[in-house]
Amino acid sequence: MDKPTVDQIKHIVRNVTENNDPLQHKATMEKYFTPTVSFLHPIVNVKSAPRSIDTFKQVYAVYKVLARNIAINFLHVTIDADNSRAVIELEEDLNLVFLPFSFTRIHAVKFVTILDLVQNKQDGKYYISRQYDIIAIDAAMKSLPFGFVYGWWQGICTLTGSVVGSGLQMTGIWRTA
């Protein structure tokens with residue numbers, strides 16, 4: 001990228017996630033990511049190393065095979081004034097292919113993606129050197145089949161915390177006021 005723009009960032013994210021053409025996917029990664037890219041995700045960690053982009057592409061290949069009909073809804077995209085970081089808040093809808101039932105469509109998983117950008121001194125262009133995906137655990141858990149159990153567990157823990165906390169305050173062990 002000559003100078004990163006919100007539209008370019010959206011285009012890159014869409015090509016990496018929504019696009020189902022492996023050759024275009026590979027071309028996007030090789031055009032916009034450094035060869036030593038790192039990727040941190042709640043279930044994957046690709047450390048920066050020579051040719052770590054190869055591991056990055058392989059991880060995304062698994063994702064693209066297991067997830068279908070991916071749709072991204074951008075909630076907010078911002079780029080730092082010095083073009084060193086893009087922060088993207090988005091929702092993702094997708095189908096997981098290893099779940100054969102009709103409820104396999106997972107809707108509106110909210111997360112934040114942080115892209116670290118570096119400028120290449122030789123060509124002056126900006127490249128993505130790190131992708132960091134932050135997914136709220138409750139959003140991830142609730143999006144899975146039987147994820148409603150997690151919501152019940154949250155409710156039980158909240159109720160327990162409230163009752164125990166009330167007892168602690170009443171006995172004077174922990175006073176908040």
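Me: I have this structure open and would like to start with one side chain. What is the relative accessible area of Lys 125, and how is that value read?

Reply: Lys 125 has a relative accessible area of 33%, so Lys 125 is classed as partly exposed. The class runs between two cut-offs, because under 20% means buried and over 50% means exposed. Please keep in mind that this is a predicted model.

Me: Which side chain does Lys 125 meet in a salt bridge?

Reply: The general idea comes first: side chains of opposite charge can pair when their charged atoms come close. Here the partner of Lys 125 is Asp 2, with 3.8 Å from N to O. Asp 2 sits in the segment before α1 (6-17), while Lys 125 belongs to the loop between β5 and β6 (126-135), so this pair ties together parts that are 123 residues apart in sequence. As for Asp 2, a relative accessible area of 57% makes this residue exposed.

Me: How many salt bridges does a search of the whole structure find?

Reply: The search finds eight. One of them joins Arg 14 to Glu 18, whose closest N and O atoms are 2.9 Å apart. Both partners are partly exposed: Arg 14 has 32% relative accessibility, and Glu 18 has a relative accessible area of 24%.

Me: And which residue meets Glu 30 in a salt bridge?

Reply: That is Lys 57, and the N to O distance is 2.5 Å. Glu 30 is part of helix α2 and Lys 57 is part of helix α3, so the pair links parts that lie 27 residues apart in sequence. Glu 30 is partly exposed at 40%, whereas Lys 57 counts as buried at 16% relative accessibility. Through salt bridges with shared partners, Glu 30, Arg 51, Asp 54 and Lys 57 are joined into one network.

Me: Now for pockets. How much space lies in the second largest pocket, and which residues line it?

Reply: Again, the idea first: rolling a probe the size of a water molecule over the atoms shows where empty space is left. The second largest pocket holds about 200 Å³ of space. Its lining includes Asn 19, Asn 20, Asp 21, Pro 22 and His 25.

Me: How far apart are Leu 66 and Leu 94 in sequence and in space?

Reply: In sequence, Leu 66 and Leu 94 are 28 residues apart; in space, their C-alpha atoms are 9.8 Å apart.

Conventions. Residues numbered from 1 in each chain as written. Predicted model: local features only at pLDDT ≥ 70, side-chain atom pairs only at ≥ 80, totals over all residues. Heavy atoms only, no water. 1 Å grid on protein atoms, 1.4 Å probe; cavity = no way out; pocket = protein on both sides within 12 Å on 5 of 7 lines; lining within 4 Å. Points joined across faces, edges and corners; volume = space filled by probe spheres on them. Salt bridge = Lys/Arg side-chain N within 4 Å of Asp/Glu carboxyl O. Helix = DSSP H or I, 4+ residues; strand = E, 2+ residues; numbered from the N terminus. Buried < 20%, exposed > 50% of the residue type's maximum accessible area, 1.4 Å probe, protein only.
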